[in-house]
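Q: Here is a structure I would like to learn to read, one feature at a time. Can we go through its strands, sheets and helices in turn?

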Amino acid sequence: MSGSIQAPAIDARGITRVYKAKPNDVTALAGIDLEVAPGEFFGLLGPNGAGKTTLIKILTTLLLPSSGTARIFGFDVATDTKKIRRIMNMVAGGEQSGYGILEAREQLWMFSQFYGLGAREGWHRVDELIDAVGLGEQRHQRVSTLSTGQRQKMNFARGLLNDPWVFFLDEPTLGLDVSAARSVRELMVGWRAAVPGRTVLLTTHYMAEADELCERIAIVDRGRILAIGSPAELKRRVQRESIFRLELDRLAGGPGALARLPGVISAVAAIDATAGADAPARQTVVINLVLGEDSALAGVVAALDGLGAHIVALAKSEPSLEDVFVELVGRGFEDDEDDSDEGGPRDRSERLPIEPHEAGQPDPEDQAR
Amino acid sequence: MSAPKLRVFVGRPTASPQEAANWTPRQVWANNLRSIIGRAYPRVRGLTREPSWVIFQMLLPFLTTASFVFVYRALDAPAAYIGFVVIGGAMTAFWLNVVWMMAAQLYWEKDQGNLELYFAAPMNVMSVLVGMAVGGLLMSSTRAISILFIATVVFGVSFSISQWALLIAVFVLTLAALYGFGMMLASLFVMWGREAFHLTQLMTEPVYFVSGLNFPVGRLGFIGALAIALIPLAVGLDAMRQLAFVSTGPTGTPEPWIEALILVAMTAIFIGLARWLLHSMEERARREGRLTVRWR
Amino acid sequence: MIDATSAEPNRFDPARAGGRGTVDLLRSFRTAAALGWKMEANWTDPLLFFIYSVAKPVASALILVFMLQVIAGPAGIALRPFVIVGSALWSFVVSGVAGLAWAVLDDRERYRMLKYIYVSPSSFLTILIGRGVARLAVGAMGAGITLAVGVIVLGVPFNPLAVDWPLLVVVLVLGVITITALALVMAAICLQTRQESWDYPEVVVGALFLVVGAVFPLSVLPLPFQVFGLLSPLTWWIAGVRQALFPGGPSSIGGAGSLWQQLSGQLNPTPVQIVLALLATGAIVTLASAILFRAGEARAKDRGLIDRTTGS
């Protein structure tokens, strides 16, 4: 079935994936329905073991679903593998792949040949990308000597070699320090700015990353999508009101003076829980202000002027995506990682081989050696 | 935050993903050919960047071959048998390249996390295997030539070749059959996991024995006949010996031209099987999730 | 979950950095040997057993037997004990030398554990040796099976009552030490080289095969090679085992026109001479290998090779 120009970039219907395991089979995906429009920056957010990597592997044609269908721009992941591989690329976090004996530039050129670029064209594109990702000084450095952040930049450049229409990023900042992770995120943003219309599917368990980059997010847990929406929409599920922390030099009439204003749901003096019994008395007044919507703030500010109060500080308190997750599931990401299986840092399902053993038992492949 | 140079990120402009996805047959062939060169590149580069192979792949193997020469000398064997050992030693280089650097190689690639990147790329994975073969051929050829040359000079081996064209053809066909065999094994090894390493061990001394590496395979009787039918090293070696040492007389094995035809058939069968097996194994691996899992 | 409220304050005890000497060494060795055993010597897998203990060593011996048969015909039967013993022992050498080298490559490239082993307080040398012990055992079993095949199937005449058991035990013990020393040198080399050096141990041992009288007497070789052969502890080891198992049989070191005869005036070395020569050459090789291993280790550490991964 050929794709149409209007086809979604990613269209997954009823995707399940079950791994054979002893004593019981493991269901990594339990029915995923997902549609990503062309040009969208879409995030899959969830804890380890949620099924994010399994879904990416299905969409990148490395794994077949147990049931359901998935299409990339109308091309079926089960049957149109060659076509899909020409228009997509993938980068995973924590990758140690590569040939240590090669220079970064050579490593990338080798992959440019795999993606159909000519020899000379490949070198040209590699040099451009190396400069663009900030690896200019490391271009002639052997892959085995690159730092983790440099290696990930190189991987990112590899992912862009074929100018993919769909770019799959599986926890691309995993294991990177703050600076390196920021660089990689900037690259993602920069690429999309340079070529609008390209689609990105990002999996991550870093909420701030998803919040910052993604236009829409699907929260995934235990093989199911719990909610889909923009970050703002998802947060509104948890907290429909707007909460502000307002610090004033003085407030005649106390918080009650604000509570009666239109649009104000409540205004309560904040208790400084961190102050000890011997702490000096605060010189300002801090109010936790709950509004029906952000627009009510203007009225509050105008009223403060009439009350002779001046604003010292104003901060909006927003729920995090983890709050959204807790709201949906009833536990946090850390709770889930504490409960996860016997110590592995990766997904329970996603690290299982075809004939896995119970953690702690010898791997049959180990014994074969 | 400021975006990097915008222009840099734009690669080949295509109007739509459908246009980008539909390659012409010429593009497909070009991609596969370029992939062969791409994959051969690290092998070739590796030769210059870590030259220890000159000692371990050239000098020392010559000494091993020399050991078997001295066995025959200790037995006062005819000179032609020295030549048998020398040819056997030279061909060992190609056999070991097939076994270690091709058959087991996809398993190593899976172990290092490169295999999933190969399968996620548009080229045919057979191109990767051929690239590995081409890259490894340089080292193997150097080893074979050095053994042949040094041993011929040091031990005074004299060849009596009357059919040069057939000899060259047999050599080329032997390589083709060997590497086809290696490709076939590579796909099996992907699925067999750790067993792959052990199976490569099985393909050293036991195969040397049944292939008649240091003696005429015809002396093995039925086993030798079976080896000629199944193992490209056995049939190629026997044919090359018959052509290089015409004076030794009948060996009890088929004529060289018949063995050349056997090699043609082997090449076709092994490469055909390799294609089918690679495709089947990829499908099975995608179904069972074996492509991307690396155990530790 | 750690209950922080109940933890008592700890003070650093400098004595902890001292270690416990021999106790630690033995523990490291036992642990490494157990690990090597689990990984490399799983005899419950019949395929593994067949490959390493039967197919490879027996095939090596059969190659030589057929070479004998081709040239000498029935007269070659008398030489079978000579080549079968040499081939069986050589399989043992290959297995033992490869064991330590492959342990380095495996731990560095596949398991990526070498750096953690290296920075642990256990002796790196001890752990490597422990890791290699399993493959030595596999090789020993292979050698035994090859000899048994030679006796039972290939008609090698063997009289257990005629065996010089004290000589055999002494020579075997000294030989294992020498093989371990050679294995350490290979391990040091593999620390410097990349992943493709899996076959280096076999190649090196294959080269030594030329000069140790494994399957032909040293007297066949040019003089410089005979000198090298006499200086190699493996030559004396193989000769010693042959002498112990088949007293009075052909010697790989002696014989008419051999360098040994020219130097000593004797046709063949006596068992005492064999043991003394093995002791002397083995001690030199062991000392040299210890120095080379330390040098190799230092170079690897200096160049950051211990935790690198390679591959092409």
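Q: Which residue is the bridge partner of Asp11(A) in β4(A)?
A: This is a predicted model, and in it Asp11(A) has Arg71(A) in β4(A) as its bridge partner. That pair belongs to strand β1 (residues 10-19) and strand β4 (residues 67-72) of chain A, which are antiparallel and are joined by five bridges.

Q: What is the order of strands in the open sheet of four strands in chain A?
A: The order is β2-β1-β4-β5 (chain A), and the pairing is antiparallel. β2 (26-36) and β5 (75-76) of chain A stand at the edges; each has a single partner strand, so one side of each lacks a neighbour in the sheet.

Q: Which strands of chain A does helix α1 lie across?
A: Helix α1 (residues 52-59) of chain A lies across β1, β2 and β4 of chain A. Relative to β1(A), the helix runs at about 115°.

Q: What is the order of strands in the open sheet of six strands in chain A?
A: The order is β6-β7-β8-β3-β9-β10 (chain A), and the pairing is mixed. β6 (88-92) and β10 (224-229) of chain A are the edge strands, each pairing on one side only. From one strand to the next, the twist averages 15°. Helix α8(A) packs on this sheet, where it touches β9 and β10 of chain A, and its direction makes about 105° with that of β10(A).

Q: To which strands is β3(A) joined by bridges, and how many are there?
A: Five bridges join β3(A) to strand β8 (residues 199-204) of chain A, and the two run parallel. In that pairing, Phe41(A) has Val200(A) as its bridge partner in β8(A). Four bridges join β3(A) to strand β9 (residues 216-221) of chain A, again with the strands running parallel. Here the partner of Leu44(A) in β9(A) is Ala218(A).

Q: Why is strand β3 of chain A described as largely enclosed?
A: The test is a count of neighbours: a residue is buried if 20 or more other C-beta atoms lie within 10 Å of its own. Five of the five residues of strand β3 (residues 41-45) of chain A are buried, so the rest of the structure largely encloses this strand. Phe41(A), Gly43(A) and Leu45(A) point one way from β3(A), Phe42(A) and Leu44(A) point the other way, and all are buried.

Q: Is Ala232(A) buried or exposed?
A: Ala232(A) is exposed, because it has 9 other C-beta atoms within 10 Å, and a residue counts as exposed at 12 or fewer. Ala232(A) is found in helix α8 (residues 231-238) of chain A. Its C-alpha atom is separated by 9.9 Å from that of Ser320(A), 88 residues apart along the chain.

Q: What share of the residues in chain A is buried?
A: Buried residues make up 45% of the 369 residues in chain A. The secondary structure of this chain comes to 13 helices and 14 strands. Among its contacts between residues at least 6 apart in sequence, 72% join residues at least 24 apart.

Q: How are two packed helices described?
A: The description uses the angle between their axes and the distance between the axes. In chain B, helix α7 (residues 125-155) and helix α8 (residues 164-192) pack at an angle of about 130°, with their axes 10 Å apart. The two are therefore oblique to each other, and the crossing of α7(B) and α8(B) is right-handed.

Q: Which residues meet in the contact of α7(B) with α8(B)?
A: Met126(B), Leu129(B) and Ala133(B) in α7(B) meet Tyr179(B), Gly182(B), Met183(B) and Ala186(B) in α8(B). By type, the residues of this contact are six nonpolar, one polar and no charged.

Technical notes: Residues numbered from 1 in each chain as written. Chains lettered and ligands numbered in written order. Predicted model: local features only at pLDDT ≥ 70, side-chain atom pairs only at ≥ 80, totals over all residues. Axes fitted to C-alpha atoms, helices over the stretch in contact; angles between N-to-C directions. Parallel < 35°, antiparallel > 145°, perpendicular 65-115°, else oblique. Left-handed = near helix turned anticlockwise from the far one by under 90°. Contact = placed C-beta atoms within 7 Å. Nonpolar A, V, L, I, M, F, W, Y, C, P; charged D, E, K, R; others polar. Pairing = 2+ DSSP bridges.
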